[in-house]
Amino acid sequence: MSDSPISLASLMTPSKTVSIDFPGFTGMQADLCYLGREELLKLRKKCVTTKYDKKTRQPEEVLDEDKFLVEYCKAVIKGWSGLKYRYLEELLLVDVSQFDPNDELSYTAENAELLMKNSSTFDTWVTETVGDLENFTGNK
């Protein structure tokens, strides 16, 4: 074994995806991706524009929240399984009467965005889960 110090940069990984159970909904899992701080900053930067404030005569950064939500969803929600139609009724206002309540809504990027936009429960859970590094290191 060599005595030269190991570079932390060689050990770091920009992201990691794990399947995590959604609390209270038996069998539902989401594949969530942890993004390092640098990746999150890159994501945010893509969604910021600089505008000129006429009052202060200074440039100011403005975050396009809709664009950020789309990019954030693409980056952190990689899929799900077990999202039954009956669970949807507990997450947001939907009419699923024509479906079997035990059938599942398939994951699509658009479905993930709509769920994040319209369900504060889902949005909060995703954001808190992705923000907790321990969920991705197996140290719980």
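**Notebook: rings, strands, a helix**

I began with tyrosine 34, which is partly exposed because its relative accessible area is 22% (buried means under 20% relative accessible area, exposed over 50%, partly exposed in between, with a 1.4 Å probe and protein chains only). I note that this is a predicted model, in which local features need pLDDT of at least 70, side-chain atom pairs count only at pLDDT 80 or more, and totals for chains, interfaces and linings use all residues. Residues are numbered from 1 along each chain as its sequence is written, and side-chain values use heavy atoms, with hydrogens and water left out.

**Ring pairs**

I took rings of Phe, Tyr and Trp (its six-membered ring) as paired if their centres lie within 6.5 Å, with planes under 30 degrees apart counted as stacked, over 60 as edge-to-face and the rest as tilted. By this rule I count ten aromatic pairs. The rings of phenylalanine 25 and tyrosine 87 are stacked, because their centres are 4.4 Å apart and their planes are at 10 degrees. Phenylalanine 25 lies in the loop between S1 and S2 and tyrosine 87 in helix H4 (residues 85-91), so this pair ties together parts 62 residues apart in sequence; helices (H or I, at least four residues) and strands (E, at least two) are DSSP runs, numbered from the N terminus. Both phenylalanine 25 and tyrosine 87 are buried.

I then returned to tyrosine 34, which forms a tilted pair with phenylalanine 136, at 5.3 Å centre to centre and 45 degrees between the planes. That pair links strand S2, where tyrosine 34 sits, to phenylalanine 136 in helix H7 (residues 134-137), 102 residues apart. Phenylalanine 136 counts as buried, because its relative accessibility is 3%.

**Strands**

Which strands does S2 pair with? I found that strand S1 (residues 15-21) runs antiparallel to S2 (residues 29-35), joined by seven bridges, and that S2 is also antiparallel to strand S5 (residues 77-81), with four bridges; two strands pair if DSSP finds at least two bridges between them. Leucine 32 in S2 is the bridge partner of valine 18, and leucine 32 also stands opposite isoleucine 77 in S5.

**Helix H3**

For helix H3 (residues 65-76) I checked the length: the twelve residues should span 16 Å at 1.5 Å a residue, and the end C-alpha atoms are 16 Å apart, so the two agree (the expected span is 1.5 Å times one less than the number of residues). The buried residues of H3 are Leu69, Glu71, Tyr72, Cys73, Ala75 and Val76.
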